[in-house]
Amino acid sequence: MRATPTPDLMLEPAFDPAGSARDAIGASQAAVQGLNVRHGTILTLEDINVSFDGFKALNNLNLYIGVGELRCIIGPNGAGKTTLMDVITGKTRPDSGVAYFGETLDLTQMSEVEIAQSGIGRKFQKPTVFEALTVFENLELAQKTNKSVWASLRATLSSAQKERIDEVLHTIKLEAARNRQAGLLSHGQKQFLEIGMLLMQDPQLLLLDEPVAGMTDAETEFTAELFKSLARRHSLMVVEHDMGFVGSIADHVTVLHQGSVLAEGALEEVQTNERVIEVYLGR
Amino acid sequence: MTMPLNPTPLNKTLLARASARLGPQLSLGLGLIALAVLLALPLLHLLPADNSWQVSAYTLTLVGKILCYAIVALALDLVWGYAGLLSLGHGLFFALGGYAMGMYLMRQSAGEGLPAFMQFLSWSQLPWYWSGTQSFLWTLCLVVLAPGLLALVFGFFAFRSRIKGVYFSIMTQALTFAAMLLFFRNETGFGGNNGFTDFKRILGFDITAQGTRAVLFLATVTLLLGSLYLGWKLARSKFGRVLTALRDAENRLMFCGYDPRGYKLFIWVLSAVLCGLAGALYVPQVGIINPSEMSPTNSIEAAIWVALGGRGTLIGPLLGAGLVNGMKSWFTVAFPEYWLFALGLLFILVTLLLPAGVIGLLKRKAQ
């Protein structure tokens, strides 16, 4: 069923231009331009410590994500998964440790906005879209473009930008709802809209916090396909509880426990790991 | 054989479509009528006093005053309705614009000498910040700069520290209260609790002359139309959509790569400047400015205008300002002691029953 992880993929991202789906999701656009990923690692986290009032949310955490990799992060509640995302996106500052995006961008020195602009996109656990705007407008705002005040005051959509929005609308299957207010969408549709907004942003690293929560089986299956087609040109880090979903997409799984990495490897390896069974699978 | 009384789904959609088409036309028509009335008022004021069509100075001033308030309501709606920043200190920006204009009017009345209140305090020379206020041009700059710079500095620090929600409202409230206390002092040099009054001339013209009043009124109508156009352009631009996004999901917007600070600061300063301009037109028409304009209750009242009319729309705040102030003028003549109770009751009723304001009610009716 699942593609066996190929270790060399992490080091040398191979790009296979075949397949029209890749164009639709923007995979044909240059994703890694400007970012120095010489050593094939897009995200480097070393010895990260975060504590809240004495509670160690992250404890000497080390994590490396390769270019084009699709990494799943699993772990029991309170293992530090969301804090990890907060550290990467600049929402939480680590007490100590090293966090690099590519080889040169020090995430601990950048603001949330700078991090987002440099190419890290994030999907929240609770689907967060701009409820008062239409689906089309949501995608328009997310579009990769100049996001300064002056640019927004005079912005008009070019036909290429409109086409891109139409493409993404097609990809996330919300064409029929393009003029509907986002607040009126179903839960699953909001999840897809948020994923669509990430696609519009065209980030190099996508952080997805429980993307299939509240989705139907068909929607989950579709999401798995979508993520698999995104990987390689984009790097993905997915936090998920749904083991079936993890099994269907992941190259590589990291298990977090009490703020540090407990185990890492292919899903079968991880699932047979004694310590993982002990803390996570509860046996 | 008879038509069903209950509208069938088809009839309903037809009705909805018809009203959707009728809606904009109807509101456009009403808007044009309102505009025609507003343009006719100053002309009718110019008629001789014995003509039965003549509009009295009282009426013209009252409507002019309400129009100034309508501009404040619109400005407040830009930050509150669109960007979600509830300011309870917009009266301050209004008063600052008013004081800037008042300084010029005081200099016009005083001629070469010192304004009357300074003579009363036996001051021998003007404080440094009064220099240049004899020039109308510099006064216009002050009208924009005083509220604009204050808003810029306050907004810069508030938005940098990510102050929002009720904390932001409380800080704006504290700001206007502090300014009021400052302006109450005689030593501040703005006439203490009497403020500025007894204006005589503006640009050399008699300020109570019919012609001057008519021109000031027309200037107010122009500013209101200009503000409406500006608001309409902003609301339709991508900037306006970013503001709405900011109001509903600021985190999402940041992770989309937008820096909310610049957006908030821009609309905040713009709104303050609009208030300042409204204040500058208010003072020569009403003939007085004093620190009570900065009292927190005035700013809260402005928020009530917006809430009553309908937040996040352009026409709503204008309606709200007109309705509340119209009622206020009537109440303060008929039952002066009950006005504040009526206002409070109105606010409670609107909050409970009309979350989208009068505009929301009209829209619902139209559907």
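In this predicted model, helices α8(B) and α10(B) pass each other in a left-handed crossing. Their axes approach within 11 Å and cross at roughly 110°. An angle of 65 to 115 degrees counts as roughly perpendicular, and α8(B) therefore lies roughly perpendicular to α10(B). On the α8(B) side, the residues in contact are B:Val242, B:Leu243 and B:Leu246, which meet B:Pro260, B:Tyr263 and B:Ile267 of α10(B). By class, this contact comprises 6 nonpolar residues, with no polar and no charged ones.

Helix α10 of chain B, residues 260-286, also packs against helix α7 of chain B, residues 210-236; here the axes come within 10 Å and cross at roughly 165°. The two helices α7(B) and α10(B) are therefore roughly antiparallel to each other. The crossing of α7(B) with α10(B) is left-handed. From α7(B), the contact draws on B:Leu216, B:Ala219, B:Thr220, B:Leu223 and B:Ser227, while α10(B) supplies B:Leu274, B:Leu277, B:Ala278, B:Leu281, B:Pro284 and B:Gln285. This contact between α7(B) and α10(B) has 8 nonpolar and 3 polar residues, and no charged residues.

The description now turns to the contact between the chains. Chain B contributes 20 residues and chain A contributes 24 residues. On the side of chain B that touches chain A, the elements giving two or more residues are α8 (238-248), α9 (250-255) and α10 of chain B. Of these, α8(B) gives the most, with 7 residues. The residues on this side of chain B divide into 10 nonpolar, 5 polar and 5 charged.

Terms used: Residues numbered from 1 in each chain as written. Chains lettered and ligands numbered in written order. Predicted model: local features only at pLDDT ≥ 70, side-chain atom pairs only at ≥ 80, totals over all residues. Axes fitted to C-alpha atoms, helices over the stretch in contact; angles between N-to-C directions. Helix = DSSP H or I, 4+ residues; strand = E, 2+ residues; numbered from the N terminus. Parallel < 35°, antiparallel > 145°, perpendicular 65-115°, else oblique. Left-handed = near helix turned anticlockwise from the far one by under 90°. Contact = placed C-beta atoms within 7 Å. Nonpolar A, V, L, I, M, F, W, Y, C, P; charged D, E, K, R; others polar.
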